[in-house]
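Please keep the coordinates in view while reading.

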Amino acid sequence: MASPSTTDPRIPRRPLDDVDRALVELLSTDGRMPNAELARRVGIAESTCAGRVKVLRDAGVVLAIRAEIDLAALGRPIEAMVALRFTGHARESMDSFRDRVASIPGVVAAYHVAGADDFLVHISGATANDLRDLVLDHLTSVEGVAHAQTSLIFERVRGRRPLG
């Protein structure tokens, strides 16, 4: 039987070395950085760099390269984080909500968390009324939600050094 590291593409086949970590750091800062620039900054050949980035993607270390969007530029300048607490913790309820929440218009991201709350849901809207309606119509109306607390986001600061 194959070991988990050879059957699960999310698990690297080998530990990450300093070059891998440098590549991940650069890609997390600028996912569109050309291969030639990545190679130059890390100090390896372009062909080696391309191969290493492919291995990082195939191993599931680099999951995706996405654009960071200015929500205000899209007419959704008001953001909030909604903490949801459920009455129970049945796997089916948690899985169902997790699958459903991603398709709700206005949801930026959702996090299933440990602690007093079960989910943190990042939402955005054009007005405070939009946020209220999203919370009341789509989040607190879900069966099993016992408590919701909405916190407005004044400013979002993205970490620049996710690997330390």
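**Pocket and helix**

The largest pocket has a volume of about 750 Å³. A pocket is an open set of points on a 1 Å grid over the protein atoms alone, where a 1.4 Å probe fits, with protein on both sides within 12 Å along at least five of seven lines; the volume is the space filled by probe spheres set on the points, which are joined across faces, edges and corners. The model is predicted: local features need pLDDT of at least 70 and side-chain atom pairs 80 or more, while totals for chains, interfaces and linings use all residues. Residues are numbered from 1 along each chain, and side-chain values use heavy atoms, without hydrogens and water.

Lining this pocket are 19 residues (those with an atom within 4 Å of a point), with Ser28, Ala64, Ile65, Arg66 and Arg158 nearest its centre. Arg66 belongs to the loop between helix 4 (46-58) and strand 1; helices (H or I, at least four residues) and strands (E, at least two) are DSSP runs numbered from the N terminus. Arg66 counts as exposed because its relative accessibility is 71%, the cut-off being over 50% with a 1.4 Å probe on protein chains only. Its C-alpha atom is separated by 9.1 Å from that of Arg32, 34 residues apart along the chain.

Attention now turns to helix 6. Among its residues, Leu131, Leu134, Val135 and Leu139 are buried, that is, under 20% relative accessible area. The buried residues fall within an arc of 95° seen down the axis, so they line one face of helix 6; the arc is taken from the directions from the axis to the C-beta atoms.
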